[in-house]
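Reader: Hi! I'm new to this one, could you walk me through it?
Author: Happy to, let's have a look together.

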Amino acid sequence: MRNAFADEITARAKADERIVLLSGDIGNRLFDKFKEACPTRFYNCGVAEANMVGMAAGLAMCGLRPVCYTIAPFLTYRCMEQIRVDLCYHHVPVVLVGTGSGLAYASLGATHHSCEEVGMLRLLPGLNVMAPGDAWEVRGCLSAALADENPTYIRIGKKGEPLVHGSRPEIRLGQALQLSEGREVALLSSGAMLPEVVALGKLLESQGMRPAVYSLPTVKPLDTALLEKVFADFRVIATVEEHSVLGGLGGSIAEWKADRPKMPGRLLRFGTEDVFLHETCEQEEAREHFGLTSQKMAERIAAALR
Amino acid sequence: MSTLPSLAELQGISAELRGQVIKMSHQAGTPHLGSSLSCIDLLTAAYWTALRIDPEKPHDPNRDRFILSKGHAAPALYSVLAKRGFFSPDWLDTFATHGAELAEQPSPNCAPGVELATGSLGHGLPVALGLALAAKIQPRDYRVLVVLSDGECNEGSVWEAALLAPALKLNHLAIMVDFNKWQATGRSEEVTSLTPLRAKWEAFGWHAVEVDGHDLAALTEALREVPHPSGKPLAIIAHTIKGKGVSFMEDDNNWHYRIPKRDEVNKAFAELGLPAPQLAAAKSGSAS
């Protein structure tokens, strides 16, 4: 995903002189092409994320379109007040791109995990929160964010994630992408879980079910038209994300559903638990730990349908 | 302004502004009077001798930018902007009342001339770096001036910005530290090891000078050095007195929160050489 981001931001910046890329001392060599194409519009702001976000606000106030890039937890947890005051309160179109989000950096320990930041950020008035599902969606999310007047946070993975889409999908803020039609079960995927959710869909099919699969590149604003539809038409609606079941996509939908007590569908949330992961492990093992594998998710879904 | 005001004129402006913020504190029942009084001369020198601004064009992309990062001194900024013609002085009488444009600390775009919503400390300088960097990218030749408080220099984000500005060669950026030696609950030097403050900014790569923050001629002189010929951003450490201008408020940190009573306002106006003010009824809850 990060290579797609670097490639897309370079292409965008060549076409739009307002785009300025700020990095928090990360992405060694990743932005060489950007720096070559736009040498006056790349700044390494050092390991000083709060200042970087404040600077981005100042650039945006002068009509520029800054994009801040660094590792997700440092860009979000550390800079919460700068995001709130400098970006949201002033309503400036800054794009924050958090790399290695969720459990992508599982092996680096919980300092580098970000399984709470969507919940934290979506509380901020006027902030879009996006979580692309593959490298194609990264490109689409970046385009949608750069075209919007609100500030936007985009959580991306690291590199080498499998592609799900065959080409670049048209991504609009607050609109889900439908990957397959089905009945009984709707799978709503957020972020880098998308390939696993597609695998989950296939596994359920092999067990005789016909799940509908959706990718939700936007957590906020929620695609409420989709929610109205799936909660009316499906028995089980499962959200899947590399994020706490509190506050993320599943949490957002639980809140939405609480205001609609007559909606028939049952919500199942798959995500990380309300704990720090202390176990030394790789991303795949971390997902396994939290039951974020197609096998384990299929078992819970089958049980819910019984 | 084609010609700069004389020193006597500047002193007259500064005294009037002091009277104005005292009146606002009394009428609205709002704190931070000592903090407003300590930075009045900094703002007077900036707005009447240095900044290239046109009150008729508050959004001119080429205007100099001024940020009051110590947002709790907002009455000082509002009084300056009204006197410089950015908006009607009538607004000052509505300060901090329900529905008024001018809140206790500035909100975004609350009034012409207010560049940033401040109040949470440590935000002004990072944003100012962005404004200054934008001038280099676009390019434009405006300058950016930020007033910080000494207590605000406790914030880590100030020093993050301090480290980066010289590396970006932002010599059209300047700060003035309103070094009044107090923060909310104690002597700033006792709360953190703030001094030597000039040496700190120098060590971070800035051109730093120390001035008497109530010497309008010295402040004017210091501000003439933006953009600084050294290629470095400029830090003006302005030694000030909290509550400056009123004998019974000077260097008394009770006036961080205390609100002047009617007779104290009258006494202060007399000391400042100002005619006795017309005072509206003070807000309930404030001392009258």
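**A chat about the model**

Author: Let's start with one pair: Ser189(A) has Val240(A) as its bridge partner in strand 11 of chain A. Keep in mind that this is a predicted model.

Reader: Thanks! In what sense do strand 8 and strand 11 of chain A pair, and over how many bridges?
Author: Strand 8 (residues 185-190) and strand 11 (residues 236-244) of chain A are paired in the parallel sense, over 6 bridges.

Reader: And what's the strand order in the sheet of chain A?
Author: The order is 7-9-8-11-12 in chain A, an open sheet of 5 strands with mixed pairing. Strand 7 (177-180) and strand 12 (266-272) of chain A are at the edges with a single partner strand each, so one side of each has no neighbour in the sheet. From one strand to the next, the twist averages 20 degrees.

Reader: Which strands does helix 10 of chain A lie across?
Author: Helix 10 (residues 249-258) of chain A lies across strand 8, strand 11 and strand 12 of chain A, and runs at about 155 degrees to strand 12.

Reader: Switching topic, how is chain A divided into domains?
Author: Chain A has domain 1 (2-155) and domain 2 (177-305). Their contact takes 24 residues from domain 1 of chain A and 26 residues from domain 2 of chain A.

Conventions: Residues numbered from 1 in each chain as written. Chains lettered and ligands numbered in written order. Predicted model: local features only at pLDDT ≥ 70, side-chain atom pairs only at ≥ 80, totals over all residues. Domains from an automatic or database assignment. Contact = placed C-beta atoms within 7 Å. Pairing = 2+ DSSP bridges. Helix = DSSP H or I, 4+ residues; strand = E, 2+ residues; numbered from the N terminus. Axes fitted to C-alpha atoms, helices over the stretch in contact; angles between N-to-C directions.
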